[in-house]
Amino acid sequence: MIIDSPESMVALGAKIGSKLSAGDVLLLRGELGAGKTALTRGIGAALGIDGITSPTFVISKIYPGTIPLVHVDAYRLIGQEFAAFDDLDLETRIPLSITVIEWGSGFIERLVDSFIEIDIDFTGSPNQRSVEIKGLEL
């Protein structure tokens, strides 16, 4: 699908968030600035959570909500040993939370056998993004 604005990306996230339940894990893939955090803001909004920001520098943030949201940005862990990712102790939070992992390819497979994959790509138009979702029907 084509998303034509940051606001539309947040709205898509809210639609996705309304379909999620505790234990769901999402892998977000896309270049820097593609809209991964905007999508996560929408997911959070569906859970009654405001104030979601990129966890790039802290790597992981936990937001309390109707279902807690764990937001991970593994960008700074790329190329490091798995121990740095394992230290986040996500496996204890997954059953009770919705977990969104940006830049998590290669890491997420260590946590769960199945997950929702969302690819966000630039289309060439300044605000447009192409979004492909695998593992969740909207």
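Predicted model: local features only at pLDDT ≥ 70, side-chain atom pairs only at ≥ 80, totals over all residues.
Let's start with the whole chain. The protein has 4 helices and 7 strands, and reading along the sequence gives the pattern β-α-β-α-β-β-α-α-β-β-β. Of its 138 residues, 44% count as buried. The accessible surface comes to about 6,800 Å², with 52% of that belonging to carbon and sulfur atoms. Among contacts between residues at least 6 apart in sequence, 62% join residues at least 24 apart.

Now turn to the sheet. The 7 strands form an open sheet with mixed pairing, in the order S1-S7-S6-S2-S5-S4-S3. Strands S1 (2-3) and S3 (60-63) stand at the edges; each has a single partner strand, so one side of each is left without a neighbour in the sheet. Helix H1 (residues 6-17) packs on this sheet, where the helix touches S1, S2 (25-29), S6 and S7. The direction of H1 makes about 10 degrees with that of S7.

On one flank, S7 pairs with S1 in the antiparallel sense over 2 bridges, and arginine 129 in S7 is the bridge partner of isoleucine 3. S7 also runs antiparallel to S6 (residues 116-122), joined to that strand by 6 bridges. Here glutamate 117 stands opposite lysine 134, while isoleucine 118 stands opposite isoleucine 133. S6 and S7 make a hairpin with 6 residues between them, and glycine 124 in the turn has a positive phi of about 110 degrees. The two faces of S7 can be told apart: Arg129, Val131 and Ile133 lie on the covered face, whereas Ser130, Glu132 and Lys134 lie on the uncovered one.

That brings us to the interior. In soluble globular proteins, nonpolar side chains tend to be buried together. In this model, the largest nonpolar core has 25 residues, and those with the most contacts inside it are Ile16, Leu26, Leu69 and Ile118. At least two residues of this core come from each of H1, S2, helix H2 (36-46), S5 (98-102), S6 and S7.

Technical notes: Residues numbered from 1 in each chain as written. Heavy atoms only, no water. Pairing = 2+ DSSP bridges. Contact = heavy atoms within 4.5 Å. Axes fitted to C-alpha atoms, helices over the stretch in contact; angles between N-to-C directions. Buried < 20%, exposed > 50% of the residue type's maximum accessible area, 1.4 Å probe, protein only. Core = buried A, V, L, I, M, F, W, Y, C linked by side-chain atoms within 4.5 Å. Areas by Shrake-Rupley, 256 points an atom, 1.4 Å probe, with all protein chains shown as cover.
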